[in-house]
Amino acid sequence: MFFLLRFKYKLLSYGSNVYFGKNLFLRKKCLSVGDDIYIGSYCHISVKRVKIEDFTMLASYVSIIGGDHKFDVVGVPMIKNKRDKEKEVVIEKDVWIGHGSTIMHGVTIGEGSIVGARSVVTKDIPPYSIVAGSPAKVIRMRFSEKDISTHSFKINNNK
């Protein structure tokens with residue numbers, strides 16, 4: 001695994017206990033991952049900069065994409081237009097992204113969130129929320145406001 005992380009994928013940084021499934025497409029020098037990361041098979045990560053924090057899981061076929069073509073110039077084919085500037089994607093600690101989901105550039109997925117299978121995330125996701133759909137919308141919160149304010153849901157980094 002060290003060989004894959006260091007030489008094939010050329011990650012910006014990586015922690016311990018990082019797993020990559022088979023047939024991953026990863027843009028070189030775009031990804032920074034923390035500890036205890038699972039990235040499933042057939043994931044596609046092609047944004048210029050992606051930060052994935054500790055204890056995060058990406059199921060199979062998850063895509064992190066961006067830099068869409070402009071389409072609002074009259075008389076110019078979309079393929080000939082310039083692309084939008086790609087923005088960083090941040091996936092905070094303890095996030096679970098379901099099978100086949102698409103994450104657009106410029107999005108931050110808050111700590112402890114769950115993204116349902118086949119969702120399309122186009123906007124920031126608040127911490128501890130469960131989202132699903134296309135575009136993804138908050139279905140409910142994982143914990144009540146009272147639980148979040150009275151308990152520390154900080155992840156124990158003891159190794």
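Predicted model: local features only at pLDDT ≥ 70, side-chain atom pairs only at ≥ 80, totals over all residues.
Met57 sits in strand β7, which covers residues 57–58. With a relative accessibility of 40%, Met57 counts as partly exposed, because that label covers values between 20% and 50%.

Now for the sheet that β7 belongs to. Seven strands build an open sheet with mixed pairing, and the order runs β1-β4-β7-β10-β13-β15-β16. The edges are taken by β1 (18–20) and β16 (136–141); each has a single partner strand, so one side of each has no neighbour in the sheet.

What is the sense of the pairing between β1 and strand β4? These two run parallel, paired over 3 bridges, with β4 spanning residues 37–39. Within this part of the sheet, Phe20 stands opposite Ile39 in β4.

On to the cysteines. How many disulfides does a search of the whole structure find? The count is 0. Cys30 is buried, because its relative accessible area of 1% falls under the 20% cut-off. Cys43 is buried too, with a relative accessible area of 1%.

Here are the accessibility values side by side:

| Residue | Relative accessible area | Class |
|---|---|---|
| Cys30 | 1% | buried |
| Cys43 | 1% | buried |
| Met57 | 40% | partly exposed |

Notes. Residues numbered from 1 in each chain as written. Heavy atoms only, no water. Helix = DSSP H or I, 4+ residues; strand = E, 2+ residues; numbered from the N terminus. Buried < 20%, exposed > 50% of the residue type's maximum accessible area, 1.4 Å probe, protein only. Disulfide = S-S within 2.5 Å. Pairing = 2+ DSSP bridges.
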